[in-house]
Amino acid sequence: MKTFSLQVNGQPRTVEVAEDTPLLWVLRDHLDLVGTKFGCGMSLCGACTVHLDGQAVRSCVTPVSAVGERKVTTIEGLATDGKLTALQQVWCDLDVAQCGYCQAGQIMSATALLKEKANPNDEDIDLAMSGNLCRCATYTRIRQAIHTAAAK
């Protein structure tokens, strides 16, 4: 066991875990941030997507020891003072989610995309979102939400 000092959603947090503990389990089991979901455990589905310094990463395969000084942002950390981001609001307005299980990962990937490209085209969206699976197949609504948020 080792003590790790993390910056999560703008707050300093300390955990004592094994160095190879996936960030996903640190967030869920030790910090009670359960918005980040476990899907496959192999970086294939995207349900566990969080940001490290604004970059979308799969927390299921990212050991806590690899985080270092980088800032971790989870779905719980996107809203500011209880106000949803434009993307989150559009997601709700367009009723993108069906079952909702993958949606935190989808939103985290889409947020990283919009940070990198303010006005992505369909190809940009498809490429950025290709690692996020949705069993309900809401891909058309996801793309529409990204375009709508980009226009705001």
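Select W25 and F38: their ring centres are 5.4 Å apart and their planes stand at 35 degrees, so the pair is tilted; planes under 30 degrees apart would count as stacked and over 60 as edge-to-face. W25 lies in helix 1 and F38 in the loop between helix 1 and strand 3, so the pair ties together parts 13 residues apart in sequence.

This is a predicted model, in which local features need pLDDT of at least 70 and side-chain atom pairs count only at pLDDT 80 or more, while totals for chains, interfaces and linings use all residues. Residues are numbered from 1 along each chain as its sequence is written, and side-chain values use heavy atoms, with hydrogens and water left out.

Colour by accessibility next. W25 is partly exposed at 30% relative accessibility, and F38 is partly exposed at 35% (buried is under 20% relative accessible area, exposed over 50%, partly exposed in between; 1.4 Å probe, protein chains only).

Now select helix 1, residues 23-30, whose buried residues are L23, L24, V26 and L27. Helices (H or I, at least four residues) and strands (E, at least two) are DSSP runs, numbered from the N terminus. The cover over these buried residues includes strand 1 (2-8), strand 2 (11-17), strand 3 (49-52) and strand 5 (71-73). Just after helix 1, stop at D32, which takes a positive phi of about 55 degrees.

Finally, go to Q106 in helix 3 (residues 103-116). Q106 is buried, at 1% relative accessible area. Leaving out residues up to four places away in sequence, Q106 touches W91, M129, N132, L133, C134 and I142 (contact means heavy atoms within 4.5 Å).

Technical notes:
Rings of Phe, Tyr and Trp (its six-membered ring) pair if their centres lie within 6.5 Å; planes under 30 degrees apart count as stacked, over 60 as edge-to-face and the rest as tilted.
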